[in-house]
Amino acid sequence: GQQLRALFYALPPGESSFRTVEEVPDYVNKSIPFFITFIGLEFAVSWIQRRKLPGRINDGISSLSLGILSRLPDVLFRSIDLISYIYIWNNYRLFELPWDSPWTWYLTLLGVDFAYYCFHRMSHEVNILWAAHQIHHSSEDYNLFTALRQSVLQKYTSWIFNLPMALFIPPSVFAVHLQFNLLYQFWIHTEVITKLGPLEWILNTPSHHRVHHGRNPYCIDKNYGGTLIIWDRIFGTFEAEDAKVVYGLTHPVNSFDPIMLQLRPLAHIWNTFWATPGFCNKLSVIFKGPGWGPGKPRLGLPEEIPVITGKEVPFNPRVPAYLNCYALVHFAVTVDLYTELLASVTTLSQGTVLLRIAFIILSLASFGLLLENKSKAGILEIFRCLIFIGVYKLGYFRSQFSFLGYAYEV
């Protein structure tokens, strides 16, 4: 019950206040079963409502692959959000609010959400930050899978925005709200919930967030809120849902390869940087908006945003049904290996952990190429399977479910 309510930011201060960071539960990892349950529920409701599924296999696997990639650094290192926050708290705090006061809890709710609004807005308005954040926007579907589609690099810039709170808010309170703010944003990535009445004035809702994910001109750079929509209303970035939203980037990436999706935006900035004349212009390529060019305003020209006709066709290469099934089964095996790694990381040698991470990355890249029906995908997949068999036989991999051992070898 507690874990379910955490998804909706519905755990009151009395149930979610802790003296030390070590006592704070890992709400995000404990929510994985609920993520799976809600995704299944979304599929069922969408089928009943509209006789159509809310997403596609290729896009869903791509989103989940990006989600797994984004969490892999956390297997090796403690969250940079917490490390930096605790450092400032230990060395520079001005005063100490009581960790067990409801007032501290509610103030932190507002503080974390406002910091998220500022960071999120900057991620759309500063090109180098957009290079990381655009991965979350790259899906042309909008469903709960999309919520899990995250950047590996984004967390290495977002931590800065939380540091002012470390001057007076205890790390244990911050650690709770950092997770709640992230979890709340999971369930708003859906089309099966339409409007939520008066709540639309205060909370970020599926309707508001659909606008944020749209590439229609009226949707661009709107509704940055995490849990609350009040910041957008205050700072003039709010836009209500109107014409049917078409999802994705204004210039679609047309790929399911998670490695390429993570790296190509950075390569684009690198190439543009060297191709742009003048030192100040080069800096502008990095620090102004993604639509900027010499002689244009900071965020580019609105009239250059491609017109939406409503007839846009999502990237969907033709792939034989057996290949989709194959990718789905092997992706499920990889998810099992990933969750088993999370559960046993403290008992494994660093070499084994690195080997498992490398194999997971190789697998996700291979599935991305298979789903695009790339010519070299088969060779990479055979190579991957041979590595799997060898490493599994040597005992470096194991399933959470012992009865699957023989099935994996088959």
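Q: With which residue does glutamate 304 form a salt bridge, and how far apart are the closest N and O atoms?

A: Side chains of opposite charge can pair when their charged atoms come close. A salt bridge is counted when a side-chain nitrogen of Lys or Arg lies within 4 Å of a carboxyl oxygen of Asp or Glu. Here glutamate 304 pairs with lysine 296, with the closest N and O atoms 2.9 Å apart. This is a predicted model, in which local features need pLDDT of at least 70 and side-chain atom pairs count only at pLDDT 80 or more, whereas totals for chains, interfaces and linings use all residues. Residues are numbered from 1 along each chain as its sequence is written, and side-chain values use heavy atoms, with hydrogens and water left out.

Q: Are glutamate 340 and arginine 356 buried or exposed?

A: Buried means under 20% relative accessible area, exposed means over 50%, and partly exposed lies in between (1.4 Å probe, protein chains only). Glutamate 340 and arginine 356 are both buried, and their side chains meet in a salt bridge of 2.5 Å, N to O. Glutamate 340 belongs to helix α15 (residues 321-344) and arginine 356 to helix α16 (residues 350-371), so the pair ties together parts 16 residues apart in sequence. Helices are DSSP runs (H or I, at least four residues), and strands are runs of E of at least two, numbered from the N terminus. By contrast, glutamate 304 is partly exposed, at 42% relative accessible area, and lysine 296 is partly exposed at 28%.

Q: How many salt bridges are there by this rule, and which parts does the pair of glutamate 191 and arginine 50 tie together?

A: The count comes to 16 salt bridges. Among them, glutamate 191 meets arginine 50 at 3.9 Å, N to O. Glutamate 191 lies in the loop between α10 and α11 (206-212) and arginine 50 in helix α3, so the pair joins parts that are 141 residues apart in sequence. Glutamate 191 is partly exposed at 23% relative accessibility, and arginine 50 is partly exposed at 36%.

Q: Which residues of α3 are buried, and why do they line one face of the helix?

A: An α-helix has 3.6 residues a turn, so residues three or four places apart point the same way. In α3, Phe35, Ile39, Glu42 and Ser46 are buried. Seen down the axis, the buried residues fall within an arc of 55°, so they line one face of the helix; the arc is that of the directions from the helix axis to the C-beta atoms. Ile36, Thr37 and Ile48, on the other side of α3, are exposed. The cover over the buried residues includes α1 (2-7), α2 (27-30), α8 (144-147) and α10 (171-187). Just after α3, arginine 51 takes a positive phi of about 55°.

Q: What is the nearest side chain of opposite charge to aspartate 81?

A: Lys and Arg count as positive and Asp and Glu as negative, while His and the chain ends are not counted. For aspartate 81, that side chain is lysine 155, 7.3 Å away; aspartate 81 is buried yet has no salt bridge. Aspartate 81 is found in helix α5 (residues 80-92). Contact means heavy atoms within 4.5 Å. Leaving aside neighbours within four places in sequence, aspartate 81 is in contact with Ser158, Trp159, Asn162, Phe174 and Leu178.
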